Amino acid sequence: MAAHNWIDLSQDADTGIETLRAHFEGHAYDPHWHDSYLIGVTEQGVQQFNCRRTRHNSVPGQVFLLEPGELHDGDAPTVDGFTYHMLYLDPQWLAREVSAVFEEAPANSQLSFANTLICDPRLALATSQAFQSLHSSELRIVRQRAMDQLLELITGQLYWRTRYHPDPRLPQVAHKAREYLHAHLHHDVGMDELARACNVDRFRLTRAFKSAFGLAPHAYLVQLRLARARHLLAKGEPPAQVATLLGFCRPEPPGSLVYARLRPDPGGLSQTLLKSSRQVARGFVKLDSIDWFIGVSPPCSPLCSLSCCLHSSPPLPPGPPISWC
């Protein structure tokens with residue numbers, strides 16, 4: 001990971017809404033998904049990502065909107081990288097809040113964004129103000145007013161669509177495997193175990209699963225765990241406890257370096273880590289598009305400390321932080 005990358009994650013105590021501000025240079029993250037609705041604004045640079053089979057280039061002032069489960073990646077096509085801030089909106093919270101604006105939801109429907117990337121100065125400003133009020137833990141009445149303003153404007157980008165049903169053309173084994181992974185989120189599930197549960201060999205299972213969901217089973221399980229880890233970390237749970245709970249920590253021989261790379265090693269990262277001043281055994285893992293270190297306390301110990309190895313973010317300037325598109 002580039003030395004100048006940083007991330008700042010927080011969670012509002014009242015609503016549970018998570019807020020994130022980050023800067024990335026080069027390749028930011030591989031295809032992944034979230035279990036929340038995402039709304040954010042690009043502050044600086046060009047934020048390039050693929051979503052809904054389209055390549056998007058978000059520039060300062062543009063608003064990006066992602067639904068739960070939508071695969072997307074991230075890259076910085078320019079040398080100065082990109083900076084953005086966004087909010088993670090829980091699906092149940094959003095549906096409840098917009099019910100006062102929308103008529104009663106049609107049967108078997110769910111909220112959907114009409115567009116992935118838009119240029120709407122009013123929505124961009126409302127998003128930034130809502131982010132600032134929650135991220136800075138301003139007075140409750142200020143936070144609530146900022147979120148009300150955001151909801152008033154975001155409804156213009158929302159509509160009710162028919163809830164997706166399992167595609168009958170896709171192998172039922174893929175859906176059965178996904179249900180098994182959700183039910184065994186905290187378990188050390190192997191491909192042989194998953195294949196037995198689905199009554200198919202692991203090679204056919206992998207092909208069917210990837211065809212259905214765009215990710216191999218192991219990558220899908222990692223995404224489930226990372227989504228859970230992000231929630232727990234944002235709530236202030238001890239990193240060591242989160243790492244142990246979700247299987248990101250295990251005893252290793254003293255002095256060993258274990259790299260669990262969820263993407264190709266960017267720019268010789270292994271060599272950079274080997275030269276790092278942190279003289280402890282580490283596992284390297286990508287945590288929801290964030291690079292984290294899992295340090296293993298020598299000698300062999302199941303306890304570890306999970307700490308973000310990124311720079312702290314600079315303060316968000318008051319008022320509109322960017323030039324609107």
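Let's start with how α2 passes α3: the crossing is left-handed, meaning that the near helix is turned anticlockwise from the far one by less than a right angle. Helix α2 covers residues 121–135 and helix α3 residues 140–154; helices here are DSSP runs of H or I with at least four residues, strands are E runs of at least two, and both are numbered from the N terminus. The two pack at an angle of about 155°, with axes 9 Å apart. Those axes are lines fitted to C-alpha atoms over the stretch in contact, and angles run from 0 to 180 degrees between N-to-C directions. That makes α2 roughly antiparallel to α3, a label for angles over 145 degrees.

Before I go on, this is a predicted model, where local features need pLDDT of at least 70, side-chain atom pairs count only at pLDDT 80 or more, and totals for chains, interfaces and linings use all residues. Residues are numbered from 1 along each chain as its sequence is written, and side-chain values use heavy atoms, leaving out hydrogens and water.

So who meets whom between these helices? From α2 we have R122, L123, A126, T127, Q129, A130, S133 and L134, and from α3 V142, R143, A146, M147, Q149, L150, L153 and I154. Contact means heavy atoms within 4.5 Å. The residues of this contact divide into 10 nonpolar, four polar and two charged. Nonpolar covers Ala, Val, Leu, Ile, Met, Phe, Trp, Tyr, Cys and Pro; charged covers Asp, Glu, Lys and Arg; the others, Gly among them, are polar.

Now over to strand β5, residues 47–51, where C51 lies. Is C51 buried or exposed? It counts as buried, at 2% relative accessibility; buried is under 20% relative accessible area, exposed over 50%, partly exposed in between, with a 1.4 Å probe and protein chains only. Leaving aside residues up to four places away in sequence, C51 touches H56, L66, E70, L71, H72 and T116.

Next comes R52, in the loop between β5 and β6 (54–58). R52 is partly exposed at 35%, and has a positive phi of about 55° although it is not a glycine. Most residues other than glycine have a negative phi. The side chain of R52 is joined to that of E67 by a polar contact of 2.7 Å: a pair of N or O atoms within 3.5 Å, where, within protein, one must be able to donate a hydrogen and the other to accept it, and residues adjacent in sequence count only if both atoms are side-chain atoms. E67 itself is buried, at 5%.

Key:
Parallel < 35°, antiparallel > 145°, perpendicular 65-115°, else oblique.
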